[in-house]
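Here is a short briefing for a first look at this structure. Keep the sequence and the 3D view at hand as you read.

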Amino acid sequence: MSTTEETTTGRAESELCMHTVTPHLVCAGAADAIEFYKKAFNAEEVRRIPTEDGKIMHAAVRIGDSMVMLVDEMPDWQCLGPNARGGSSVTLHLQVPDVDALFARAVEAGATAKMPPADMFWGDRYGLVVDPFGHAWSIATHVRDVSEEEMQKAAREMTCGECPG
């Protein structure tokens, strides 16, 4: 990989097709995370900029039509991943054609299944995995349209009309 400001595909930064919001993940072992995302989510590596000691100071992968940026943990800069912090309060969401297939692929690649795919009241078939680097990924496929009224009613019934306190 080149350490220049060009991507591995030769495109300049402005041509990376970034969306309005792009996750930037801190990983203990960003190079391993890139390989995991390739296996689990069919990610395409777009850029890798290493430090002199071989860590990744910046990388980007494309999953579907979206970019995900990555960096290695750098404790001297207070740059720590979720495993070093005791977990993550963030879930990355993947909307895909076949939740069951991608869920199985992610688990086979080394993710931990937290919630197997099931049909949900909002109309998606939905599951949740945690990758080996501590990042939570929800995976869903839309299976049926649900009206706002149906969704609100089902949510109330699921929580007995109250939020846990």
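At 3% relative accessibility, Ser 138 counts as buried; buried means under 20% relative accessible area, exposed over 50% and partly exposed in between, with a 1.4 Å probe and protein chains only. Ser 138 lies in strand 8. Helices (H or I, at least four residues) and strands (E, at least two) are DSSP runs, numbered from the N terminus.

This is a predicted model: local features need pLDDT of at least 70, side-chain atom pairs count only at pLDDT 80 or more, and totals for chains, interfaces and linings use all residues. Residues are numbered from 1 along each chain as its sequence is written, and side-chain values use heavy atoms, with hydrogens and water left out.

**Around Ser 138**

- The side chain of Ser 138 makes a polar contact with the side chain of His 93, at 2.6 Å.
- A polar contact is a pair of N or O atoms within 3.5 Å; within protein, one must be able to donate a hydrogen and the other to accept it, and residues adjacent in sequence count only if both atoms are side-chain atoms.
- Leaving aside neighbours within four places in sequence, Ser 138 is in contact with Thr 91, Leu 92, His 93, Leu 94, Tyr 126, Gly 127 and Leu 128. Contact means heavy atoms within 4.5 Å.

**Overall layout**

- The chain has three helices and eight strands.
- Along the sequence, the pattern reads β-α-β-β-β-β-α-β-β-β-α.
- Of the 165 residues in the chain, 39% are buried.
- Take the contacts between residues at least 6 apart in sequence: 54% of them join residues at least 24 apart.

- Four strands form an open sheet in the order 5-8-7-6, with mixed pairing. Two strands pair if DSSP finds at least two bridges between them.
- Strand 5 and strand 6 (112-119) stand at the edges; each has a single partner strand, so one side of each is left without a neighbour in the sheet.
- From one strand to the next, the twist averages 15 degrees. Axes are lines fitted to C-alpha atoms, for helices over the stretch in contact, and angles run from 0 to 180 degrees between N-to-C directions.
- Strand 7 and strand 8 run antiparallel and are joined by seven bridges.
- Val 130 has Ala 136 of strand 8 as its bridge partner.
- Helix 2 lies across strand 5, strand 6, strand 7 and strand 8, at about 10 degrees to strand 7.

**The largest nonpolar core**

- A nonpolar core is a set of buried Ala, Val, Leu, Ile, Met, Phe, Trp, Tyr and Cys residues joined through side-chain atoms within 4.5 Å.
- The largest one has 28 residues, of which Tyr 37, Phe 41, Trp 137 and Ile 139 touch the most other members.
- Elements that each supply at least two of its residues include strand 1 (24-27), helix 1 (30-41), strand 5 (91-95), helix 2 (99-109) and strand 8.
- Helix 1 gives the largest share, seven residues.
- Beyond four places in sequence, the contacts of Phe 41 include Ile 63, Leu 94, Leu 102, Trp 137 and Ile 139.

**His 135, in a loop**

- His 135 is found in the loop between strand 7 (124-130) and strand 8 (136-142).
- His 135 is buried, with a relative accessible area of 6%.
- A polar atom of the His 135 side chain lies 3.0 Å from the backbone oxygen of Val 26.
- Setting aside neighbours within four places in sequence, the contacts of His 135 include Leu 25, Val 26, Cys 27, Tyr 37 and Pro 82.

**Cysteines**

- The whole structure has zero disulfides; a disulfide is a pair of cysteine sulfur atoms within 2.5 Å.
- Cys 27 is in no disulfide, and the nearest cysteine sulfur, that of Cys 79, is 9.5 Å away.
- Cys 27 is buried at 0% relative accessibility. Cys 79 is also buried, with a relative accessible area of 18%.

**Two partly exposed residues**

- Val 143 sits in the loop between strand 8 and helix 3 (148-158). Val 143 is partly exposed, at 44% relative accessible area.
- Val 143 and Arg 125 are 18 residues apart in sequence and 6.4 Å apart in space, C-alpha to C-alpha.
- Glu 35 is found in helix 1. Glu 35 is partly exposed, with a relative accessible area of 34%.
- The side chains of Glu 35 and Lys 38 are joined by a polar contact of 3.2 Å.
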